[in-house]
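Please keep the sequence and the coordinates at hand while reading.

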Amino acid sequence: MNRTVMIRLATPEDAAEMLKIYAHYVANTAISFEYEVPSEEEFRERIESTLKRYPYIVAEQEGRIIGYAYVSIFHERKAYDWAVETSIYVDERKIHKGVGGKLHDALEQALKTQGILNMNACIAWPDGEEDETLTKNSGEFHAHLGYRMVGEFQKCGYKFHRWYNMIWMEKIIGEHADEQPSPIPFSQLEDIHF
């Protein structure tokens, strides 16, 4: 059996398998602030929409998707084009096995190729002690990858009859110039290999 983790581009046809991973985080954790698990069709549309501008990738092991990562716009205004918000979800049975790091590394390389300079992570954070729905693991994971905390918002997310904080972390991945070329939409890149 090949236990190697392979990274590849996500396709809309992966929606059902990816949604199984995400559903756990929506239904059982405050890691996602969504209350309802999206439909497979909505999830498929999210993948298609993201791929027009940004990378959306999956980690596969033995032919099964065990995690995925993507980025979204940091803010609508043109001046923010060089910054993105990252998201990484790993099958709950594969956490702490290096899958998230592999996904992040591949995502970062693709973003550098596009000309993106800032990776930002919006992370749900316990308001005080960790509980069964939210730990500090995501913040610690991002710090290990070279992110630094830039802000914490108090009691801004409400789920499971509890209030949660939210932290912003950032990682600078490129040089900021006075004459900065515009990022290349992901769909226009050629020969991207993961």
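How many residues does helix α3 have, and how far does this helix reach from its first C-alpha to its last?

## Helix α3

In this predicted model, helix α3 covers residues 99-114, which gives it 16 residues, and its first and last C-alpha atoms lie 23 Å apart, close to the 22 Å expected at 1.5 Å a residue.

Just after α3, Gly115 takes a positive phi of about 100°.

## Thr50 in helix α2

Thr50 belongs to helix α2, which spans residues 40-53. Thr50 counts as buried because its relative accessible area is 13%, under the 20% cut-off.

The side chain of Thr50 reaches the backbone oxygen of Arg46 at 2.9 Å. When residues up to four places away in sequence are not counted, Thr50 touches Pro55, Tyr56, Tyr70 and Val71.

## A nonpolar surface patch

Tyr35, Tyr158 and Trp163 make a nonpolar surface patch of about 370 Å². Of these residues, Tyr158 is placed in strand β6, which runs over residues 148-159, and Tyr158 counts as partly exposed because its relative accessibility is 38%, a value between the 20% and 50% limits.

Terms used: Residues numbered from 1 in each chain as written. Predicted model: local features only at pLDDT ≥ 70, side-chain atom pairs only at ≥ 80, totals over all residues. Heavy atoms only, no water. Helix = DSSP H or I, 4+ residues; strand = E, 2+ residues; numbered from the N terminus. Expected span 1.5 Å × (residues − 1). Buried < 20%, exposed > 50% of the residue type's maximum accessible area, 1.4 Å probe, protein only. Polar contact = N/O pair within 3.5 Å; in protein donor to acceptor, adjacent residues only side chain to side chain. Contact = heavy atoms within 4.5 Å. Patch = residues over 30% accessible without salt bridge, like charges linked within 9 Å, V, L, I, M, F, W, Y side chains within 5 Å. Areas by Shrake-Rupley, 256 points an atom, 1.4 Å probe, with all protein chains shown as cover. Salt bridge = Lys/Arg side-chain N within 4 Å of Asp/Glu carboxyl O.
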